[in-house]
Amino acid sequence: APAPAPAPAPAPAPAPAPALLHSASSCCISSSSAFTTSCSSPSLHSCRTMSFGAILKAKSAMLQDTQQTNFARTPSQPQKNPETFYRRPLPDCCIPLSSKSGKELFRSALATGGCESFFELAEHFNTQSEPAFCGLGTLSMLLNALSVDPGRVWQGPWRWYHEEMLDCCKRLDVVRKEGVTLGEFCCLAQCNGAKVRAARALPADAAKEELEESMRSFREAVAECCCKKEEEEAGEKHFLVCCYSRAILKQTGSGHFSPIAAYDKISDSILIMDVARFKYPPHWVHLPLMYEAMQSLDDTIHKPRGWVVVGNGHTSGDLIKSKLFDVPTALVESPCPFQSWQLLAGRCKQLQPQDLPLRAQQAVEWIQEAGGASAFLVPQMRPPCFGVTEEDKLLLKEVEDMRNYDKIRSILLAASSPSSSSSSSSSSLL
């Protein structure tokens, strides 16, 4: 019988993977418990070999993604918002307070008694929280320096002025876009318990005598607020605010508010405590140059800018009983709606529905006394101003809800019409 065929030789064992490859495979496989479980089969070695190739592909793709991400973050690549700034250098006409020349001017002002405002303003010096909040930042700084109690909570149990609380004369969302004018600044200051005296600079084409008188008035206001006066009453404080054009000072930007903290008589220079501290530090400028910067027209109202003397001393009763504006009528662009409504509420409370037609003309006169018809055509309930109680707010709401309101509104609409006078409009509605 033929001899049985020899058994086939066993297949040669597969060549072992290089040590580095085997080590990497073991490391990748051991890192996943699910993968290890799925590969616990007789053909574990081949499964590991195949899976390792897939792992290498995945790792290669991950490396490419990482390289692309790192490349995108390199400084040479364009950023989403390249227009960012860290401060601005002061022009030659402005002397930084911290410079050698600035310190010499400060020593000179201190020796001649021109730093009376500096120390209290320095205690409350803040940075405006929004690009257009220079007016609100300046006013909140001054109200705190004047020790005016806002009567409202800022944070926790503390009553303290902050820019977000100065929203009774103009909505904050509008201020963020437009800022405030000189008249609106005065309105806000008086609403919140400060005494105000303000003036506008005269245009450059005014008569020479008038310009000299206006410059003299500005210099007197600077001396009143910055220089020591022995006859001043105890507790009485005054601070000076300038509304000016940055362009005249060769700075970037347009209109700006900032307080004046010191005056050096020898050099005729004033110290501006710029509330935009992220942009410019406190700096000295010549007083005539500041006056020139205030002569620049405000584009929103087409009038020159000016200065405001802000003092303490208002009381709640004085504010409610007065007409609320010590500033000239020409300075105020529009009355404060909340103040005007408050005055109107007290007058209208005396009216009975049956009496209104007989006293319509008197009602219109009251409204005009309060600030004009325009303040009442679209009344808006504002947050409480200085000295306004909960009773006042309820009274305003009652006026808005009372049956007289629609008739008063009709009288106002007719009285504010250019083609009608107050008397003819009232008689036609009776």
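Residues are numbered from 1 along each chain as its sequence is written, and side-chain values use heavy atoms, with hydrogens and water left out. As the model is predicted, local features need pLDDT of at least 70 and side-chain atom pairs count only at pLDDT 80 or more, whereas totals for chains, interfaces and linings use all residues.

An open sheet is formed by seven strands in the order β1-β6-β5-β4-β3-β9-β2, with antiparallel pairing. Strands (E, at least two residues) and helices (H or I, at least four) are DSSP runs numbered from the N terminus; two strands pair if DSSP finds at least two bridges between them. Six bridges connect strand β3 (residues 238–245) with strand β4 (residues 255–264) in the antiparallel sense; V241 has P259 of β4 as its bridge partner. Helix α6 (residues 134–145) lies across β3, β4 and β9 (306–311) and runs at about 40 degrees to β4. Here axes are lines fitted to C-alpha atoms, for helices over the stretch in contact (heavy atoms within 4.5 Å), and angles run from 0 to 180 degrees between N-to-C directions.

Rings of Phe, Tyr and Trp (its six-membered ring) pair if their centres lie within 6.5 Å; planes under 30 degrees apart count as stacked, over 60 as edge-to-face and the rest as tilted. The ring centres of F106 and F118 are 4.9 Å apart and the planes stand at 65 degrees, so this pair is edge-to-face. F106 belongs to helix α4 (residues 100–111) and F118 to helix α5 (residues 118–123), 12 residues apart. Both residues are buried (under 20% relative accessible area, with exposed over 50% and partly exposed in between; 1.4 Å probe, protein chains only), at 16% for F106 and 13% for F118. The rings of Y291 and W307 form a tilted pair, because their centres are 6.3 Å apart and their planes lie at 50 degrees. Y291 is in helix α10 (residues 287–295) and W307 in strand β9, so the pair ties together parts 16 residues apart in sequence. Y291 and W307 are buried. One aromatic cluster comprises F106, F118 and F119.

Charges also sit over rings (NZ of Lys or CZ of Arg within 6 Å of the ring centre and within 35 degrees of the ring normal). R88 lies over the face of F85, 4.3 Å from the ring centre, and the charged end of R277 is placed over the ring of F125, at 4.6 Å from its centre.
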